[in-house]
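Please look at the sequence and the structure shown here, and then read the briefing that follows, which moves from a single residue to the elements around it.

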Amino acid sequence: MSKLSELLTKFTDRVALIHRKYNSAIIVAAGNGTRAMTDGTTKQMMPLLGIPVVARTVSVFEACDFIREIIIVAREDEIPRYDAMQCQYGWHKVTAVVPGRETRQLSVLEGFKHISERSQFVYIHDGARCLVTEAMIAAVGHAACIDGAAIAATRSADTVKVIGQGKLSTVDRDTVWLAQTPQVFMTELYRAAAYRALKEELMATDDASLVEAAGFAVTPVDCGDTNRKITHPMDFAIAETILRYRDESKGDMS
């Protein structure tokens, strides 16, 4: 079996399992994104090869057969723009666009309130991480179906140092994972973890931290270093290069 055939078989097997679930996606795009813009446009609305960053992100989830519904958490002043994007890009799975809150954690919870009662798994993803692929989403979803909670991540390619009491020490980089999104959880597991954190006033920078704090294990899924988040102006140039490379690679396989 060729490498391509092997990858396609794995992808098909993963989709077969996760397709049996009712999967909800929450796309978080409520930030100011001031580091990536120069003209007052937030990073999620900046064009990347002619398409807004967040539109690229939502469209990938829209294309996933196993995603049943999409909730977008947006800046309140940008909410009207999503009506036009739904028409322009043919989104049919977006069931709600809701305003974000003062922190990412609370914004996710706001989106979580709007998922279907039938939801079995929730896929939480950063709107500015527009280079995610269907295969990455399927891989993380598959791991979550097996283990209950999983996140996209990549292994550290650099030597990792930590500082304590004014001294540097080295961490075994084979044990270090750099967290990405999507982060996928059984819906009821995430509900328990998120509301526990709210009650205990626990604040975290990602959703997996809430689940870990509640005592649940989270499985990392290596999605490589192309699943980048748009943060700085230079990231746009890198993202364009990755997208063009993917397009050229598709042509090479045809």
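## A buried asparagine and its surroundings

N23 counts as buried because its relative accessibility is 0%, where buried means under 20% relative accessible area, exposed means over 50%, and partly exposed lies in between (1.4 Å probe, protein chains only). This is a predicted model, in which local features need pLDDT of at least 70 and side-chain atom pairs count only at pLDDT 80 or more, while totals for chains, interfaces and linings use all residues. Residues are numbered from 1 along each chain as its sequence is written, and side-chain values use heavy atoms, with hydrogens and water left out.

**N23 and its contacts**

- N23 lies in strand β1, which covers residues 23-29; helices (H or I, at least four residues) and strands (E, at least two) are DSSP runs, numbered from the N terminus.
- The side chain of N23 reaches the backbone oxygen of I18 at 2.9 Å.
- When residues up to four places away in sequence are not counted, N23 touches I18, F66, I67, R68, E69, F121 and Y123, where contact means heavy atoms within 4.5 Å.

- Strand β6, made of residues 121-126, is mostly covered, since six of its six residues are buried.
- From β6, the residues F121, Y123 and H125 point one way, whereas V122, I124 and D126 point the other way, and all are buried.
- β1 and β6 pair in the parallel sense over six bridges, and two strands are said to pair if DSSP finds at least two bridges between them.
- Within this pairing, the bridge partner of I27 in β6 is H125.
- β6 also pairs with strand β10 (residues 177-186), in the antiparallel sense and over four bridges, and here the bridge partner of I124 in β10 is Q183.

**Helix α4**

- Helix α4, which runs over residues 104-112, is mostly covered, with eight of its nine residues buried.
- The buried residues in α4 are Q105, L106, S107, V108, L109, E110, G111 and F112.
- What covers them includes β1, β4 (67-74), β5 (94-99), β6, α6 (187-199) and α7 (207-213).

**Cysteines**

- A disulfide is a covalent bond between the sulfur atoms of two cysteines.
- When a disulfide is taken as a pair of cysteine sulfur atoms within 2.5 Å, the count comes to zero disulfides.
- C87 is exposed because its relative accessible area is 68%, whereas C223 counts as buried because its relative accessibility is 9%.

Methods:
A polar contact is a pair of N or O atoms within 3.5 Å; within protein, one must be able to donate a hydrogen and the other to accept it, and residues adjacent in sequence count only if both atoms are side-chain atoms.
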